[in-house]
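Thanks for coming, everyone. Please take a look at the next slide before I start.

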Amino acid sequence: MDYELGDEGLIKESELANGPTFEDLAIDDSLSDLQRVTKYVCSNIPLQRVIHVKMLHETARSVGFQATCDQLLPLLEPLVCDVEYVVRQHVALQFPPLCQFLVGADPDTGYKVLLDKLIPLVTKLVSDDQHEVRSAASESLVEMAALVKPEDQGQHVLTIVLPLAHDDDNEQFRISAVALYNGLAEHFGPELCQQFCVPELISLSEDPVFRVRKSTALSFSNVCKTAGVELSRERLIPAFHRLAKDDIWGVRKACAECLVNVALALAPPDRGPMLVPLFESFIDDSSRWVRMAAYQSLGPFLAALEKDQVTDELVGHFTSMATTAASQLGGSGEVDIKFHCAFNFPAVVSILGPADWLKLSPAFELLHNDTFWKIRRSFAYSLHELARILGRGITETQLATAFDSYLHDVQDVRLGVMLHFADFLENVSPSFRESYLPVLAEFDSFDNTTKWRFREVLSGQLAQLCHTFTPEATFSVIYPLVFKLVTDPVSVVREQSYHACPLLVARLSSNPDWLTAVVDKFVTLAKSAHYQDRQCFVKIGASFLSTTSQQDEDAGEALEKAKAARSFFISKLAAVLFTLALDPVSNVRVVFSEIAIKHQQLFREHPDCPDSLREILTATAFTCVDELTTVLSEQVKVRLEAQAKIEAESNSMDKLPATTIDAEKENESSLEPKSEIPEPIEAATDDKMSSGGAVTNHVALTPAASLAAPPIEAGDAPESASVHTGDSEEAIVAAPADSSETISESIMVPTDELKSSMATSTEEPPPSEFNGEVSSLASTDATGESTKVAEESAAS
């Protein structure tokens, strides 16, 4: 509960230095609401009293009728006499909800408490010396009077107002009485109003204090409405005319401000003859403020008149608000009058109709391009209504110009015209609508930085846009726009877009290729890796099962569309939707459960429904989404555990061969270099040289040479070197191939021991020439013993 004090400023600045401490302001939280209110409304600190006075009606509802009567109502009398006017003001505001609770809880006893205890307490506050307290008490008395029976109004309510109206020493009391007469007139009824309110109001309209006369001028409407047409025409309107000619401009301004309310209280035939001359006098008044008030009331005043009472002079006064009248007022008055003209423009157009558009057209041309953005915003929010009233011809020639400019105006103006984009297009010809397709295409190209409220207002109009354009234009522009908005990053935009999907399908049903493209696009959402897309698909499916009729559709047409949408869902979307019942993400399962709960029979009877889901829906008639979600979550858990077990077994099988291969490679790598002396390489014969045309160099690869190869890095493994022997008895060594594209998991990084042995044999002796032959000796020692052995073999 919010019990803010506001800015009443209960603790004065002089009290800040020596005011209440933190301990004094502390509240005992261990107390119940009733104990807190009972204790702290009697506190010496005004702040605590105000806070707990605001808790009175809520505490009454929590503790009940009897406790309220026994413990809370006795607290009201001292509070009504509190020394702080802010406390008295908030006590006055607590009376209406308290009375409503008491009368509602116990009509007989509560009504007696209302008459005997609560109304007398409010009487004291109505005559309080402080204006804020009197105002709050007067408002509360009007609300409480609605609970008083008609036969008790005179004795218990009217008697409160009469003394105030006759207090000649206090003008503030008479002002409060005038406001109470106007507010209580409908509760008093015609009889009391005619006997008391009408004479009192006429008497107060002649009060010597102008503030009382001004308040009286503002209080005629309800009294006229309740007193009746004849009495108003004969007695009240003449008094109103006298006030309209008062010497004080403030009184005349008050009459101009309430002119519309008085007109609505009169019979329609009496409005023009009695009030139009009065309005003319306000227009010609010497006071600038009276003229401004009259112009501000002109639009609603014209709407209150019958059409035959709207003269050319009145229309001329209205159009002058855009030109001469505005310039005469000048300053802020000029902008204010132009704004009122733009604001009331659709109402005046609806009165005059398309036939008199030429009278209003100049004003429209001036205002819709005005430099003040609030004037343009007013037209932006009402252009669709003007288009509906004026028809296609005027809309396409004049209104469309303003519409086009507002589409690229400041944000507030642009938002207003986009809010009724589809409504405006419905009032132009089909060929003219096509020119606005690029505007919608721009929305399709907007990124996520675009103001989301523009996308929101557009998403709410997708249903209209689906049948506004031709099927071809709908497929080329509206279909991409719908798909973009149903996947919008902002939730409120997505939620307002789903309803357009069935209407889009219905519009494109004439072309099977289009429907196939739409279905494929929807299915991509269901197969997306992102859970939000899958969630969108479920909600799209739900939109086909909960279609709503448009305002201009009859019941039969709406039923046919609902059947078609349901059939489309069953044949095209249901099978894919069932795959998401056991989605790994709970958000998707919750949305699925929501639609499954509403359509359990449809899901059970569908041939593509999985057996597991059919068993779940058959076993239990679910009524709560959480129940079905829990069951589906258990199924998902079982599935995930089984899948994890299978993957674990598969991984163990995969690791066994790899380990074996690695071990073999490790064994080969760890072999010590053999001490055998390699045989010298035979020289190529002359026949071989002549046939080959070149000398082939032969390289013998020994174990030591293989160990001298650089270490194999993981992910960059060369192929194993292989030696091929052919008929020519040539030993050809295959160079390592680049295998960066394929990585073998069986390749092991050399151990420290292997690296050490490789490091000792990284240096090879340079090749030596012998009889024109190149010999590569893989392993030699420092004394050259290998070379000697080779020479001895050659000599033998």
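Accessible areas here come from the Shrake-Rupley method with a 1.4 Å probe, and for residues only the protein chains shown count as cover. On that basis, the protein has an accessible surface of about 41600 Å², and carbon and sulfur atoms hold 52% of it.

Two notes on the source. This is a predicted model: local features need pLDDT of at least 70, side-chain atom pairs count only at pLDDT 80 or more, and totals for chains, interfaces and linings use all residues. Residues are numbered from 1 along each chain as its sequence is written, and side-chain values use heavy atoms, with hydrogens and water left out.

Now the overall picture. The protein has 46 helices and four strands. These are DSSP runs, numbered from the N terminus: helices are H or I with at least four residues, strands E with at least two. Of the 796 residues, 44% are buried. Buried means under 20% relative accessible area, exposed over 50%, partly exposed in between (1.4 Å probe, protein chains only).

On to helix 38, residues 555–578. Where does helix 38 bend? At K572, by about 50°. That bend is the angle between axes fitted to the seven residues ending there and the seven starting there. Buried residues of helix 38 include F568, F569 and L573. Among the elements covering its buried residues are helix 36 (512–526) and helix 39 (586–598).

Last, cysteines. A disulfide is a pair of cysteine sulfur atoms within 2.5 Å. The count is zero. Take C501: the nearest cysteine sulfur, that of C466, is 8.3 Å away. C501 is buried, at 0% relative accessible area. C42, by contrast, is exposed at 54%.

Note on methods
Contact means heavy atoms within 4.5 Å.
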